[in-house]
Amino acid sequence: MTKLRAMLVLATLALSASALPVAADSIPGLRGHDHTGITVPDVKAATAFFTDVLGCSHAMSFGPFSDDKGTFMQDVVNVNPRAVIDEISIVRCGYGSNIELFQYESPDQVKTLPKNSDIGGHHIALYVDDIVKAAEYLRSKNVKTMQGPIPVNEGPASGQSILYFLTPWGMQMELISYPKGMAYEKSAKTVLWSTIEPMK
């Protein structure tokens, strides 16, 4: 193959490659978010809060798990080899994904909850149809709520209202509602998954 012909072939390949849609890599068979796992100080009390106060449904509990001599716990879940999972309890909240509650014992366990501003900070948000009524309900159950509900009136998230609240052990959670959608949806190529239309 001559140098000129090789250059023409390379140019043609480059042009045809640029005409193809570029797809991001993906985990094979990815379907979506299955659950969020959180560690709690008392799994039975946490399960009761999620079911009796928030209205989630308990699906199953299992455990304990430990390895007295080996490194199974470190190898599988990246914790201290002597850590013990006393119990795991899984709840389902409405049409959202599942929440997995862990109760651990570990020689190096940190018992200070991260703030949202800390690396590893997190919260779980629950969608509600009427955030004002939901906020009143939480307060009637003596759940500590932050300021709000706060409506978002500008920017791509315009249309939503939010309210942060705390579990009895201090973990941050959020109520969110956007019954008429959010502003970004008008021009978005990707629309966020929503409990209102879970199959969309």
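Colleague: Is Cys 93 buried or exposed?

Modeller: This is a predicted model, in which local features need a pLDDT of at least 70 and side-chain atom pairs count only at pLDDT 80 or more, while totals for chains, interfaces and linings use all residues. Residues are numbered from 1 along each chain as its sequence is written, and side-chain values use heavy atoms, with hydrogens and water left out. Buried means a relative accessible area under 20%, exposed over 50%, and partly exposed in between, with a 1.4 Å probe and protein chains only. Because its relative accessible area is 14%, Cys 93 is buried.

Colleague: Which residue is joined to Cys 93 by a disulfide?

Modeller: The structure holds one disulfide, the term being used for a pair of cysteine sulfur atoms within 2.5 Å. Its S to S distance is 2.1 Å, and the link is right-handed, with 95 degrees about the S-S bond. The pair links distant parts of the chain, 37 residues apart, with Cys 93 in the loop between β3 and β4 (98-105) and its partner in the loop between α2 (43-53) and β2 (57-62). That partner is Cys 56.

Colleague: What is the relative accessible area of Thr 47?

Modeller: Thr 47 lies in helix α2, where helices (H or I, at least four residues) and strands (E, at least two) are DSSP runs numbered from the N terminus. Leaving aside residues up to four places away in sequence, Thr 47 touches His 58, Ser 89, Val 91 and Leu 101, a contact meaning heavy atoms within 4.5 Å. Thr 47 is buried, and its relative accessible area is 11%.

Colleague: Which strand gives the most to the lining of the largest pocket?

Modeller: On a 1 Å grid over the protein atoms alone, a pocket is an open set of points with protein on both sides within 12 Å along at least five of seven lines, a cavity is a set where a 1.4 Å probe fits but cannot get out, and lining residues have an atom within 4 Å of a point. The largest pocket has a volume of about 1,000 Å³, and 37 residues line it, of which Gly 96, Ala 125, Leu 126, Tyr 127 and Thr 195 lie nearest its centre. While β4, β5 (124-127), α4 and β8 each supply at least two lining residues, the most, four residues, come from β5.

Colleague: What volume does the second largest pocket have?

Modeller: The second largest pocket is lined by 26 residues, with Thr 39, Val 40, Gln 109, Val 110 and Lys 111 nearest its centre. To this lining β4 gives the most, with four residues. A volume is the space filled by probe spheres set on the grid points, which are joined across faces, edges and corners. For this second largest pocket, the volume is about 770 Å³.
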